[in-house]
Amino acid sequence: MTSPIDQSAGTPVRVSLGSWPTPLEPAPRLSSALGLDPDDLRIKHDDLIGLGGGGNKVRKLEWTAGTALAQGADVLVTSGAAQSNHARLTAAAGARLGVDVVLVLTGTPAPAGNIALDTLLGASVHWCGDVSDGELAARVQEVADGLAAQGRRPAIIPFGGSNALGATGYRTAGDELLRQDPAVQHVVVAVGSGGTMAGLVAALGAGRVLGVDTGALPDPASAVAGMAAELTGQPADPSTLRIDGSLLGPGYGSVTDVVLEAMRLAAHTEGLVLDPTYTARAMAGLMAAVRQGDVTRGRRIVFWHTGGLPGLMGHTTALERIMAG
Ligand SMILES: Cc1ncc(COP(=O)(O)O)c(C=O)c1O
């Protein structure tokens with residue numbers, strides 16, 4: 001019997017899964033509506049990465065899947081919530097790269113949003129019901145061990161694609177932004193499993209990155225600091241990170257009034273569609289930062305659009321509240 005591949009033992013290898021750079025577009029009507037000058041705000045469009053419906057996870061998969069393939073993997077195993085964008089994009093990366101994908105998901109199946117796309121993209125799905133993070137990790141290991149016992153070469157891609165290898169994709173994204181706008185002063189981004197913010201902090205420094213917590217992890221600051229430290233080789237103090245944890249409401253995926261307000265504002269001013277779990281929460285965080293004077297007029301501000309539209313189309317509560325007006 002072979003063992004699942006240990007990614008941490010591999011030399012990082014990048015495979016191309018997108019066209020870079022992603023667009024950086026002005027958003028003057030949204031900027032003014034937020035109380036900023038029209039030229040202050042730009043949108044970094046990682047939602048427009050072409051693979052599998054787009055989103056931030058593609059940049060991480062360039063490194064995690066690239067390294068796994070270089071190590072000889074013939075099947076990628078990963079985990080997430082039922083409406084995980086990372087799971088959907090791992091399925092898409094597997095299809096593009098010609099390797100099988102097995103998804104280990106919490107919750108139960110419903111024919112909507114990311115779940116339908118997972119199947120369309122050819123992944124196999126193991127449903128776990130409502131399990132703890134620890135139980136989910138154990139199920140992933142069981143699935144990978146089972147595949148190895150059949151003579152396959154599975155590689156486990158971490159939850160949310162977030163380890164230092166995956167976060168490398170966002171260090172290179174931060175460098176990409178600096179080439180587009182060397183004077184950027186604030187970058188606003190959603191924080192889930194933390195790899196996106198960690199990579200941006202490694203490239204741009206902690207002071208320029210405002211992360212908005214979505215409630216996916218119990219201690220996002222430690223997770224982000226840990227990955228940022230691995231990327232830079234310098235210790236990172238979680239207390240120096242700008243993470244706004246005040247937008248959680250009742251918890252991960254909840255549709256609060258401010259989340260709906262952020263969705264409506266972006267849609268009505270710029271035709272920009274945000275998802276309720278990640279990007280609308282990040283926009284609500286930018287709205288709060290402007291109100292509180294953390295982000296002020298005349299600054300160069302980038303809102304990082306990390307995708308998630310399929311998640312909106314799988315979020316019945318959000319859709320019902322939108323339709324209720
Ligand atoms: C659309 C979207 N935006 C942002 C994030 C947060 O990224 P990270 O998990 O790297 O913190 C996620 C994570 O699932 C996501 O799906």
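Strand 8 and strand 9 (residues 242-244) pair in the parallel sense, with three bridges between them. On another strand, A190 stands opposite V212. The model is a predicted one, and its protein chain is assigned two domains: domain 1 (18-56 + 162-324) and domain 2 (57-160).

- Strand 8 covers residues 209-213 and is mostly covered, with five of its five residues buried.
- V209, G211 and D213 point one way from strand 8, while L210 and V212 point the other way; all are buried.
- In a regular strand, side chains alternate between the two faces of the sheet.
- Strand 7 (residues 186-191) pairs with strand 8 in the parallel sense over five bridges.
- Strand 7, helix 7 (residues 195-204) and strand 8 form a β-α-β unit that is right-handed.
- A right-handed β-α-β unit is also made by strand 8, helix 8 (residues 220-232) and strand 9.

- Strand 2 (residues 41-45) is largely enclosed by the rest of the structure, because four of its five residues are buried.
- Strand 1 pairs with strand 2 in the antiparallel sense, over three bridges.
- Within this pairing, L24 has K44 in strand 2 as its bridge partner.
- Strand 2 also runs parallel to strand 10 (residues 301-305), and five bridges join the two.
- The bridge partner of I43 in strand 10 is F303.

- W20 and P21 are joined by a cis peptide bond, with omega about 0°.
- P21 lies in the segment before strand 1 (24-26).
- Most peptide bonds are trans.

**Strands 4 and 5**

- Strand 4 (residues 100-105) and strand 5 (residues 124-127) run parallel and are joined by four bridges.
- S124 in strand 5 is the bridge partner of V102.
- Between these two strands the chain passes through helix 4 (residues 113-120), and this β-α-β crossover is right-handed.

**Nonpolar cores**

- The largest nonpolar core has 66 residues, of which V201 and V224 touch the most other members.
- Helix 10 (residues 279-291) gives the largest share of this core, eight residues.
- Leaving out residues up to four places away in sequence, V224 touches V191, G194, M197, A198, V201, G211 and L241.
- In soluble globular proteins, nonpolar side chains tend to be buried together.

**Contact between the domains**

- The centres of domain 1 and domain 2, taken over C-alpha atoms, are separated by 24 Å.
- In domain 1, 26 residues are in contact with 25 residues of domain 2.
- Helix 6 (164-180) and helix 11 (309-313) are the elements that give two or more residues to the side of domain 1 that touches domain 2.
- Helix 6 gives the largest share of that side of domain 1, six residues.
- By class, the side of domain 1 that touches domain 2 has 18 polar, eight nonpolar and no charged residues.

**L260 in helix 9**

- L260 is part of helix 9 (residues 257-270).
- L260 counts as partly exposed because 17 C-beta neighbours lie inside 10 Å, whereas a buried residue needs 20 or more.
- Not counting residues up to four places away in sequence, L260 touches V255 and R321.
- L260 and G80 are 180 residues apart along the chain, and 24 Å separate their C-alpha atoms.

Key: Residues are numbered from 1 along each chain as its sequence is written. This is a predicted model: local features need pLDDT of at least 70, side-chain atom pairs count only at pLDDT 80 or more; totals for chains, interfaces and linings use all residues. Domain bounds come from an automatic or database domain assignment. Two residues are in contact if their C-beta atoms, placed from the backbone, lie within 7 Å. Ala, Val, Leu, Ile, Met, Phe, Trp, Tyr, Cys and Pro count as nonpolar, Asp, Glu, Lys and Arg as charged, and the others, Gly among them, as polar. A residue is buried if 20 or more other C-beta atoms lie within 10 Å of its own, exposed if 12 or fewer, and partly exposed in between; C-beta atoms are placed from the backbone. Two strands pair if DSSP finds at least two bridges between them. A crossover is right-handed if, with the strands pointing away from the viewer, the path from the first strand over the helix to the second runs clockwise. A nonpolar core is a set of buried Ala, Val, Leu, Ile, Met, Phe, Trp, Tyr and Cys residues joined through C-beta atoms within 7 Å.
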